[in-house]
Amino acid sequence: ELMRKNDHQNTFSQFLSATISSRAVLLQLIPGMTAPALLFVGLSACPIFVFSAKLRENLTPLILWEVWTVASQRVRVTSVSGGSGEPATWKVALLSCSLFVRDSRLIRYVEVILLNLVAL
């Protein structure tokens with residue numbers, strides 16, 4: 001259930017980004033607005049200030065705290081030693097790190113800001 005909710009939130013973020021990005025690209029028609037347009041496109045999938053409860057529910061969380069639970073649900077490999085149906089710890093750890101960075105809006109927000117500062 002947690003995994004399906006997370007996938008739904010990622011899909012919703014992508015739709016939000018596609019909607020805003022198509023409008024932000026039009027800003028590039030104005031001279032000097034290319035850099036802000038690229039920033040808007042990058043930030044469109046990870047808004048920080050969300051005032052609508054429905055939008056907040058459909059977006060990925062600001063910080064994804066239950067990454068271990070989501071990662072262990074996604075990893076369906078039995079451990080080699082016990083065969084007890086438990087997922088391999090190292091796979092869950094790697095996937096947890098990946099999910100934390102990819103699915104936390106605040107982490108992605110900071111990443112987009114830093115990449116745009118470097119690009120300038």
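**Exercise 1. Locate Arg56 and classify its exposure as buried, partly exposed or exposed.**

Solution. Arg56 belongs to helix α3, which spans residues 53-58. Helices (H or I, at least four residues) and strands (E, at least two) are DSSP runs, numbered from the N terminus. The structure is a predicted model, in which local features need pLDDT of at least 70 and side-chain atom pairs count only at pLDDT 80 or more, while totals for chains, interfaces and linings use all residues. Residues are numbered from 1 along each chain as its sequence is written, and side-chain values use heavy atoms, with hydrogens and water left out.

The relative accessibility of Arg56 is 42%, so Arg56 counts as partly exposed. The classes are buried (under 20% relative accessible area), exposed (over 50%) and partly exposed in between, with a 1.4 Å probe and protein chains only.

Residues up to four places away in sequence being left out, Arg56 touches Val50 and Phe51; contact means heavy atoms within 4.5 Å.

**Exercise 2. Determine which residues Leu16 contacts beyond its neighbours within four places in sequence.**

Solution. Leu16 lies in helix α1, residues 2-24. Its contacts, with those neighbours left aside, are Ser44, Pro47 and Leu59. For Ser44, 28 residues from Leu16 along the chain, the C-alpha separation is 6.8 Å.

**Exercise 3. Describe how α4 and α5 pack.**

Solution. Begin with the geometry. Helix α4 (residues 67-74) packs with α5 at an angle of about 125°, the axes being 8 Å apart. Axes are lines fitted to C-alpha atoms, for helices over the stretch in contact, and angles run from 0 to 180 degrees between N-to-C directions. The two helices are therefore oblique to each other. Angles under 35 degrees count as roughly parallel, over 145 as roughly antiparallel, 65 to 115 as roughly perpendicular and the rest as oblique.

Next, consider the residues. On α4, the contact involves Val67, Trp68, Val70, Ala71, Ser72 and Arg74; on α5, Thr89, Val92, Ala93, Leu95, Ser96, Leu99, Phe100 and Arg102. By class, nine are nonpolar, three polar and two charged. Here Ala, Val, Leu, Ile, Met, Phe, Trp, Tyr, Cys and Pro count as nonpolar, Asp, Glu, Lys and Arg as charged, and the others, Gly among them, as polar.

**Exercise 4. Characterise the contacts of α6 with α5 and with α2.**

Solution. Take α5 (residues 89-103) and α6 (residues 105-119): their axes come within 5 Å and cross at roughly 70°. That angle makes α5 roughly perpendicular to α6. Phe100, Val101, Arg102 and Asp103 of α5 meet Arg105, Ile107 and Arg108 of α6. This contact of α5 with α6 has three nonpolar, no polar and four charged residues.

Then take helix α2 (residues 34-43), which packs with α6 at about 160°, with axes 9 Å apart. This makes α2 roughly antiparallel to α6. Leu38, Leu39, Gly42 and Leu43 in α2 meet Tyr109, Val112, Ile113 and Asn116 in α6. The contact of α2 with α6 comprises six nonpolar, two polar and no charged residues.

**Exercise 5. Summarise the chain: how many helices and strands does it have, and what percentage of its residues count as buried?**

Solution. The chain has six helices and zero strands. Of its 120 residues, 30% count as buried. Among contacts between residues at least 6 apart in sequence, 70% join residues at least 24 apart.
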